[in-house]
Structures are given as structure tokens and as C-alpha cells.
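User: I'm new to reading structures, and I'd like a close look at a single part of this one. Could you pick a strand and walk me through its surroundings?

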Amino acid sequence: VREGSPPKPGREPQLGREHSSGVKATPAAGIILLRERPAVSELDDAAWESQELEVLIGRYHVVDALRSGRDRLVALRYGGEWHFPGGAKRQADRGPLQTACRELHEEFLGGAGDAAPELAATLFAKVSISVSSRPYVQYVFVADEADNRPLQLTAERINHGLRRQRLAFERLVASGEWWEMARSAKAAVGPEVR
């Protein structure tokens with residue numbers, strides 16, 4: 001992770017290339033956040049040798065809050081599955097790294113609406129994938145928590161952000177406000193990861 005260097009501003013890969021099928025692929029980006037495993041007892045040599053790094057990973061909610069109705073719950077496409085933060089590029093995103101940082105911020109820090117932090121990260125892979133027959137170009141970045149300490153990307157902060165987002169969502173549903181909100185407003189507060 002530390003051997004590479006983050007892309008220089010203005011030198012990020014170009015987004016929106018055409019897929020081999022002739023259909024323009026949707027650009028997307030994700031990030032794998034690594035950290036050194038907290039120190040373990042010297043007596044526990046097997047644990048120390050087997051797990052030196054931890055990876056940030058989340059689990060999708062089972063219910064799709066955006067598509068569910070008052071009387072009908074809709075399951076998420078990947079409900080209950082584990083995943084890294086990531087998603088499709090938005091028009092305002094300057095490049096793949098900003099897309100990955102925004103997705104991390106929204107999905108794992110409960111930070112929809114405020115500015116996403118810029119991470120020091122390295123482009124690890126660029127892959128073409130299809131989801132529901134739609135082509136995507138996925139940029140995968142790797143970031144080391146040690147290189148991003150000022151951002152305080154700790155498990156505690158991430159879980160606190162997710163908990164705050166879930167509670168806000170539950171209050172909106174209980175009050176009935178959720179069902180009157182525009183889809184874009186729901187997207188800003190609807191939990192996706194637990």
C-alpha cells in the first residue's frame with residue numbers, strides 16, 4: 001500500500017469510456033481501507049501471525065429504504081451481503097478518487113450532504129463489470145488508515161456515523177415524514193450499510 005502514490009490532481013484516469021459492447025460504461029469507484037491490527041498479547045502468537053491487517057467492510061441492510069412503501073418492504077438487491085464502500089460517479093465528482101471518497105463518506109460515515117474528505121489512496125485496479133446487464137468501469141483504490149490519520153477513520157467513528165444515520169431514519173419513519181420526502185432527500189438519510 002505504501003509503495004504506490006496517490007494520483008496527482010488532474011492526472012486521474014478518465015471516466016465514461018465506451019464498453020466493448022458499444023454501450024457507454026457507467027463509471028464507478030470504490031475504496032479498500034486497510035489498517036494495522038491493534039497490538040495483541042505476545043502470548044497469542046497464532047493470532048498475531050495470521051492477521052496483521054484489518055479491512056473496512058460493511059454489510060448491506062436487508063430492506064431497501066428508498067423503494068419500500070408504508071405497507072410493503074422491498075428487499076435490497078444485495079441485502080445482507082458484505083461489501084466495500086463504492087458506487088457510481090455523480091456529475092459533480094471530479095474523478096474516480098473523489099467518487100470513492102464520497103461513497104465512503106456517505107455509506108460508512110453517515111455523511112451525506114457535507115463534503116467528503118479526500119483520502120491519500122493508490123489506484124489498485126480498473127476493471128470492467130456488469131451489474132444487471134449494465135456495464136460499469138470500476139476504479140478500485142486502496143488507502144492505509146495510517147496515511148489518513150487526520151480523518152479519524154476509526155471503527156468507533158464509522159459505527160457512530162452509521163448508528164446516527166439509522167436513528168435519524170427510524171425517527172423519520174416513525175413520524176411518517178419519511179413517506180412524504182422526495183427520493184433525493186431520502187437518499188441522503190436512508191441507511192444502506194449496517
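This is a predicted model: local features need pLDDT of at least 70, side-chain atom pairs count only at pLDDT 80 or more; totals for chains, interfaces and linings use all residues.

Analyst: Happy to! The chain holds four helices and seven strands, and if you read along the sequence, they follow the pattern β-α-β-β-β-β-α-β-β-α-α.

Now for our strand, S7, which covers residues 134-144. Of its 11 residues, 10 are buried, so the rest of the structure largely encloses this strand. For that count, a residue is called buried when its relative accessible area is under 20%.

Next, meet the strands that pair with S7. One of them is S6, residues 121-131, which pairs with S7 in the antiparallel sense through 10 bridges. To find this pairing in the 3D view, look for Val127, which stands opposite Gln138 in S7. S6 and S7 also form a hairpin, with two residues between them. Ser132 sits in that turn and has a positive phi of about 50°.

Strand S1, residues 26-36, pairs with S7 too, but here the strands run parallel, joined by nine bridges. A handy landmark for this pairing is Ala29, which stands opposite Tyr139 in S7.

Finally, let's step back to the chain as a whole. Take the contacts between residues at least 6 apart in sequence: 57% of these join residues at least 24 apart.

Definitions and conventions
Residues are numbered from 1 along each chain as its sequence is written. Side-chain values use heavy atoms; hydrogens and water are left out. Buried means under 20% relative accessible area, exposed over 50%, partly exposed in between (1.4 Å probe, protein chains only). Two strands pair if DSSP finds at least two bridges between them. Contact means heavy atoms within 4.5 Å.
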